[in-house]
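Subject: Handing over the structure, with notes

Dear colleague,

I am passing this structure on to you, together with some notes on what was found in it. Please have the sequence and the 3D view open while you read.

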Amino acid sequence: MSLGHLGYALVLVGVAAATFGAVVGLVGGLRRRPATLRWALGATYAFAGAMLAANLVMEVGLLTDDFSIRYVAQVGSIQTPTVYKIVSLWSALEGSILFWGLVLGGYLAAFAWLHRKEDPLYMSVALGVMLSVATFFAFLIAGPANPFEVLPNPPSNGPGPNPLLQNHVLMIVHPPMLYLGYVGMTVPFGVALAGLIKGEIRTSWMGPLRRWTLTAWIFLTIGIVLGGWWAYAVLGWGGYWAWDPVENASFLPWLTATAFIHSTMVQERKRMLKLWTLSLALASFVLTILGTFMTRSGVFNSVHSFTQSDIGPTFLVFIGILLVACISLLAFRGPLLVAEDHIKAPLSRETSILVNNLVFAALTFVVLVGTLHPLIAESLFDKRVSVGAPYFNRLTLPFWVAMLFLMGVGPMLPWGRADGSRFRNQFLVPAGAALLTVGVCVAFGLRGGYALSVFGLAAFVTVITLRELVLPVRARMRDKQESFFKALSGSASRSQRRFGGYIVHLGIVLIAVAVAASSAFVSHTTATLRVGESFELQGHQMTFEGLVRGQEPHREYVAARLQLTPRGGDGQRLLAPRMNYYESSTDPVGTPAVHDTVREDLYVSLLAFDGKSQIASFNAWTFPLVSWIWWSLPILAFGTLIAVWPVRRRKPGKAGTKADGEGGKPEVAPADAPSPTAEQGAA
Amino acid sequence: MKRWWWVIPAGAVAALLLVVLYRAFGTDPRAVPFQLKGQTAPDFEMKVINGEGAMTLESLRGRPVVMNFWASWCGPCAIEHPILEWGARSMGHRVQFVGVVFEDTEANARAWLARHGASFPHLLDERGQVAVDFGASGVPETYFISADGTIVDKHVGPISQMDLVHRVDQLTGG
């Protein structure tokens, strides 16, 4: 039995386990047979095990250059360095779907294990829904996207993975992070759909639902930012975000998931927006599937859709089933989820979150329509149009500004009803900081309405967020005579969600400032030089010293030597933007040279060269603050980690919503004293 | 009934989405309209690297031309080359095969030809001007030019034997 046959057999085991578990879970849960949960759990573990084993088999095939497996013959090559052999698992369609199966198996097994002691009927339905999704993917791996097909006449060598994927180490991390984000949305989807099917969602489920979504959210965030970083470091066009359909595809579920994370607070606190919150969880999942369809079906023109295939129709059927199931369940079962409260005052935390949700929903709509517009125009009006960055920038900018403003105002407002005069007092200092920031920027000669309003609002949000973080700490230091660090950790563990959430807000502010600065104050020049000639950009002097040819195991390259004298004159260094030539590629793949500092990046790419006359053309940019975008990642991850960290079990009587901030503003404490197992159920 | 009002628009939007996505199948988003089709081919004069002197398109008037852009660093060009070699030997009496070296050095191109064979003239596009004139965006790309100098069609990517025979038949009306 060859490796290919073994892998395929494992995939079939996965199909069987997922199908069995989906049927048993759904039927058992709906017929109120608690004993069937055992079977659903077993099926989940079996599916996860089969996927793990199938992925291992594929890795063995890739590492041993077993070209009798079709996928290995398609993406493998003897020359590929080992690390790229390992990651070529997700370098083309079939492998990435197989990897998707592994991630899905991991999530499902973790969910099953952590919540195995929950209400068995609810768990059965939730697992049934998730395993239905697993059935679809297992079927995809077994049929339309089968990577294990055995070739009767295996070639002696293959072309190697897509050169773009071999060009940078970020490509090793970016796709798995995105998959962890995408696939992670399956869990909240299962929980939310089970809530709809059963017509009730217990408040004790809201904690786990939020934590699972946060887990998927942070992976999606990291995946998106790393993708931008990769594009910046590899593609050489001097940007990190192009509103490409596939980028938008990852951005859409991010928007709805972010809205969801905020609206769960209202649901937990006020027992409102239940249907809306669940709809957001469903939408996030449907959008990940739509996103995968966009990436993989080849109907979009994008840098990412290098893996076109015929799995499109299968995905479309799945999207159809999802839409019908979600809409009809929301229609028939939704009315069972009635709000138990309503908004009492326009100036309150719940209103600000509601507005935040509306802004996110509007953004999702704008991005979705822009992304689909070329398809709509072609299929309905037979016109070819392309919707580019200007559309998205123009239409989304006002929303971003509104969002920043809400990020500041929201945390200042208490639940229920705000005291107008107190609110005004709290408003003064941050507003002053915003005006001061704008004033300083103008004094330094910076112009541009949007960029300056972003900077001003960033100061506004930062001041408020830091105040919200520090005030409880100061109160503890004063009332309990604690040291700063003790008070800090006490305050953080007392209200992890709030604390973690505000740290994430600070990370987002960093991104907003970096995006505004690097897009509004970019400078660009091109130069065509002979050896010895030089050019200048923003005070950086670059002298062309000639071309160098070189060879690496999987590629050849031509690099231009540019002697850089940075602005100010000190710290001369060599920049070497290059072109890489891969055996399998018709086009060279560039690698720009980046000289990065806290203040700005100098970014040079080699545009063209002539080896004989030693003439080279360069594109050079300076991007102020751009690297802040990547540096926000640890902050975002740290904040999320605090927010999802399993809450310690509280002794009865201690749980509650005691005021813990100055002025007696209640904390977002674990509102509803969830069951202990639910509390352990963080990812 | 009040809670139901949104189902119809939501259903309609979902149905529209599915229709749009369904109809998108089978269209190639990358298909770029080929501007030069049917136009007179821009003339050129390029150095012959596996022979003497230079060659102009003008000098080939009266014979259909199959013009292939390639480079020594291009993997698919190496895969395609034997088909062109075969084409030049078996159909060279009906059409003129010409290779154009794209973004490459003369030395590399010569070495490559020594390895892979050269049954037809290969020309050096020194500044990439001819590639720009013809709108070649990458390699390999093959242009089909009629006897009166009109660009009839082009093929992007490595050409198959069947495609090549078919296009040459179209060029020569045979």
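Leu273(A) is buried, because 24 other C-beta atoms lie within 10 Å of its own; a residue counts as buried if 20 or more other C-beta atoms lie within 10 Å of its own, as exposed if 12 or fewer do, and as partly exposed in between, with C-beta atoms placed from the backbone. Before going further, please note that this is a predicted model, in which local features need pLDDT of at least 70 and side-chain atom pairs count only at pLDDT 80 or more, while totals for chains, interfaces and linings use all residues. Residues are numbered from 1 along each chain as its sequence is written, and chains are lettered from A and ligands numbered from 1 in the order in which they are written.

Leu273(A) sits in the loop that lies between helix H11 (245-270) and helix H12 (274-297) of chain A, where helices (H or I, at least four residues) and strands (E, at least two) are DSSP runs numbered from the N terminus. If neighbours within four places in sequence are left aside, Leu273(A) is in contact with Ser263(A), Val266(A) and Gln267(A), contact being defined by C-beta atoms, placed from the backbone, that lie within 7 Å. Leu469(A) is 196 residues away from Leu273(A) along the chain, and the C-alpha atoms of the two are separated by 27 Å.

Arg32(A), in the loop between helix H1 (3-30) and helix H2 (37-63) of chain A, has a positive phi of about 60 degrees although it is not a glycine, and Arg32(A) is exposed, with 10 other C-beta atoms within 10 Å. Gln481(A), in the loop between helix H17 (449-480) and helix H18 (484-494) of chain A, likewise has a positive phi, near 55 degrees, in a residue other than glycine, and Gln481(A) is exposed, with 9 other C-beta atoms within 10 Å.

The axes of helix H14 (residues 349-381) and helix H15 (residues 389-412) of chain A come within 10 Å and cross at roughly 165 degrees; axes are lines fitted to C-alpha atoms, for helices over the stretch in contact, and angles run from 0 to 180 degrees between N-to-C directions. H14(A) and H15(A) are therefore roughly antiparallel to each other, given that angles under 35 degrees count as roughly parallel, over 145 as roughly antiparallel, 65 to 115 as roughly perpendicular and the rest as oblique. By class, their contact has 15 nonpolar, five polar and one charged residues, where Ala, Val, Leu, Ile, Met, Phe, Trp, Tyr, Cys and Pro count as nonpolar, Asp, Glu, Lys and Arg as charged, and the others, Gly among them, as polar.

H14(A) also packs against helix H1 (residues 7-24) of chain B, at an angle of about 75 degrees and with the axes 9 Å apart, and the two helices are therefore roughly perpendicular to each other. Leu372(A), Leu375(A), Ile376(A) and Ser379(A) of H14(A) make this contact with Val20(B), Leu21(B), Arg23(B) and Ala24(B) of H1(B).

Chain B also holds an open sheet of seven strands in the order E2-E1-E5-E4-E3-E6-E7, with mixed pairing; two strands pair if DSSP finds at least two bridges between them. Strand E2 (54-56) and strand E7 (151-156) of chain B stand at the edges, each with a single partner strand, so one side of each is left without a neighbour in the sheet.

Finally, four strands of chain A form an open antiparallel sheet in the order E1-E10-E9-E8. Strand E9 (residues 600-610) and strand E10 (residues 615-624) of chain A are joined by 10 bridges, and Tyr603(A) stands opposite Trp621(A) in E10(A).

Definitions and conventions:
Contact = placed C-beta atoms within 7 Å.
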